[in-house]
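Work through the exercises below with the sequence and the model in view. Each task is followed by a solution in steps.

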Amino acid sequence: MVHPEFTLLGDAVWLDFVNSARGRTPAPPDLLPDAAAFARWTRAQRLMQLDGGAPYPTIRDFRRQLTALAKALDGGLQPPAGPIAAINAVLAASTGSHRLTRIGGEWRLQFAPARPLAPLEAIARSAAATLADPAVAVRRCAGETCSLFLADSSPNRSRRWCTPAICGTTLRVERRRGPLR
Ligand SMILES: [Zn+2]
């Protein structure tokens with residue numbers, strides 16, 4: 001997914017959110033420096049626009065919490081209590097009902113929101129879904145100067161780069177040259 005203003009890997013909304021303060025260069029700019037930028041970001045993500053959404057400091061603090069979560073998962077650590085509490089606080093504000101749905105021949109318990117989700121709710125649900133799915137690994141891109149986080153759901157957890165065509169190129173060139181002798 002190529003966007004002129006934002007880096008959207010499209011793996012998970014919450015990681016795109018975290019990645020808005022990260023990038024492929026050593027000192028990337030913060031792409032969400034204010035509420036207006038966050039509004040543009042939610043449009044790029046096709047998230048619901050709601051009047052009177054969360055104030056900017058809340059948005060920035062939530063991103064800080066989720067960044068700590070991504071770092072912990074990348075490091076193979078248990079998620080810290082702060083990010084979990086922050087996610088649960090946002091989820092607690094969602095109203096809706098649980099519903100049994102049959103998907104691919106299997107019954108699933110799903111939560112059906114009573115109203116369209118606010119952007120932070122959509123981000124929180126995305127983070128919760130990643131945490132609750134053992135088949136998804138969160139890790140930092142292996143690109144030398146890249147700090148983007150990616151969600152690896154490949155069968156053998158072999159994904160290394162946010163975008164192989166960009167971050168995987170250098171390593172591939174080195175490998176083709178062969179090891180130093
Ligand atoms: Zn990368």
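Helices (H or I, at least four residues) and strands (E, at least two) are taken as DSSP runs, numbered from the N terminus. The model is predicted: local features need pLDDT of at least 70, side-chain atom pairs count only at pLDDT 80 or more, and totals for chains, interfaces and linings use all residues. Residues are numbered from 1 along each chain as its sequence is written, and side-chain values use heavy atoms, with hydrogens and water left out.

**Exercise 1.** State how many helices and strands the chain has, and give their order.

Solution. Step one: count the elements, which gives six helices and four strands. Step two: read from the N terminus, where the order is α-α-α-α-β-β-α-β-β-α.

**Exercise 2.** Identify the protein donors of the zinc ion and their spacing along the chain.

Solution. Step one: take as donors the N, O and S atoms within 2.8 Å of the metal (3.2 Å for Na, K and Ca); water is not among the atoms, so sites may look incomplete. Step two: the SG atoms of Cys141, Cys146, Cys162 and Cys167 lie 2.3 Å from the zinc ion. Step three: along the chain, these donors follow the pattern C-x4-C-x15-C-x4-C.

**Exercise 3.** Why is the arrangement around the zinc ion tetrahedral?

Solution. Step one: four donors count as tetrahedral if all angles lie between 85 and 135 degrees. Step two: the four donor atoms subtend angles of 104 to 117 degrees, so the arrangement is tetrahedral.

**Exercise 4.** Are Cys141 and Cys146 buried or exposed?

Solution. Step one: buried means under 20% relative accessible area, exposed over 50%, and partly exposed in between (1.4 Å probe, protein chains only). Step two: both Cys141 and Cys146 are buried.

Conventions. Tetrahedral: all angles 85-135°; square planar, octahedral: opposite > 155°, others 65-115°.
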